[in-house]
Amino acid sequence: MNSLFAQLFTSLQTHIATTVPEIQGILPEMGQTEIYSNVPAIWPCLFIDFNNVTFTEILNQGQRANGELQLRLVYYVLAADGVTFIDTTTVMGYYEVERKLHEALQGWSSNGINPLSRIKVNTEVRSDAFRARVLTYSLDFEEYLPVSTVPGSKPQLAINVL
């Protein structure tokens, strides 16, 4: 994988699965809680996305990126009967999972990104039976393309002296 986002997702997935085993599924954000036909049985689960990333040019065909790592910690609020809400103890357990997730990520770094720093936490307003806590971390890194992939680049001239 050459994509920095793919590498970062894989590193995050491995790190979170190891340090926060209570999270049952760690997936890329693809709108799963907006487009669903049945309710999965993996709770809590975590959806990862990279948002609002802006780039500025730096030397040597590089770019500096600043953006946000967005983590949606999602759980289903209905009990097994599908009618009553889950109990308070279960909800408190989800808050503990959120705390443990933050402890695992605050200051964490991989693949050349700067250490993560939490910048906000929100609860999504939803009209279904999902509860989503959105944790957002600052995401900063530099990315350099190999010379062969830069448009207009030419191979370096090699001079052999006899």
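This is a predicted model: local features need pLDDT of at least 70, side-chain atom pairs count only at pLDDT 80 or more; totals for chains, interfaces and linings use all residues.
Reader: Why are E4 and E5 said to pair?

Author: Strands (DSSP runs of E, at least two residues, numbered from the N terminus, as helices are for H or I with at least four residues) pair if DSSP finds at least two bridges between them. Six bridges join strand E4 (residues 117-123) to strand E5 (residues 130-144), so the two strands meet the criterion for pairing. They run antiparallel, and Thr136 in E5 is the bridge partner of Lys120. E4 and E5 form a hairpin, with six residues between them.

Reader: How do you know that E3 pairs with E2 and with E5?

Author: E2 and E3 are joined by 12 bridges and run antiparallel; Ile48, for instance, has Leu71 in E3 as its bridge partner. E3 and E5 pair over 15 bridges, also in the antiparallel sense. Along E5, Glu143 stands opposite Gln63 and Tyr144 stands opposite Gly62.

Reader: What is the order of the strands in the sheet, and what makes a strand an edge strand?

Author: The open sheet has five strands in the order E1-E2-E3-E5-E4, with mixed pairing. Strand E1 (25-28) and E4 are the edge strands, as each pairs on one side only. On average, neighbouring strands are turned by 25 degrees against each other, direction ignored.

Reader: Why is E3 described as largely enclosed?

Author: A residue counts as buried under 20% relative accessible area, as exposed over 50%, and as partly exposed in between (1.4 Å probe, protein chains only). In E3, 11 of the 15 residues are buried, so this strand is largely enclosed by the rest of the structure.

Reader: Why are H1 and H2 called oblique?

Author: Axes are lines fitted to C-alpha atoms, for helices over the stretch in contact, and angles run from 0 to 180 degrees between N-to-C directions. Angles under 35 degrees count as roughly parallel, over 145 as roughly antiparallel, 65 to 115 as roughly perpendicular and the rest as oblique. The axes of helix H1 (residues 4-19) and helix H2 (residues 88-105) come within 10 Å and cross at roughly 125 degrees; the two helices are therefore oblique to each other.

Reader: Which residues of H1 and H2 meet?

Author: Contact means heavy atoms within 4.5 Å. Leu12, His15, Ile16 and Thr19 in H1 meet Lys100, Leu101, Ala104 and Leu105 in H2.

Reader: How do the helices lie on the strands?

Author: H1 lies across E1, E2, E3 and E5, at about 140 degrees to E2. H2 lies across E2, E3, E4 and E5, running at about 5 degrees to E5.

Reader: What makes the phi values of Asn52 and Asn60 worth a remark?

Author: Most residues other than glycine have a negative phi. Asn52, in strand E2 (residues 45-58), has a positive phi near 50 degrees. Asn60 has a positive phi of about 60 degrees and is placed in the loop between E2 and strand E3 (62-76).

Reader: Are these two asparagines buried or exposed?

Author: The relative accessible area of Asn52 is 59%, so Asn52 is exposed. Asn60 is likewise exposed, with a value of 67%.

Terms used
Residues are numbered from 1 along each chain as its sequence is written. Side-chain values use heavy atoms; hydrogens and water are left out.
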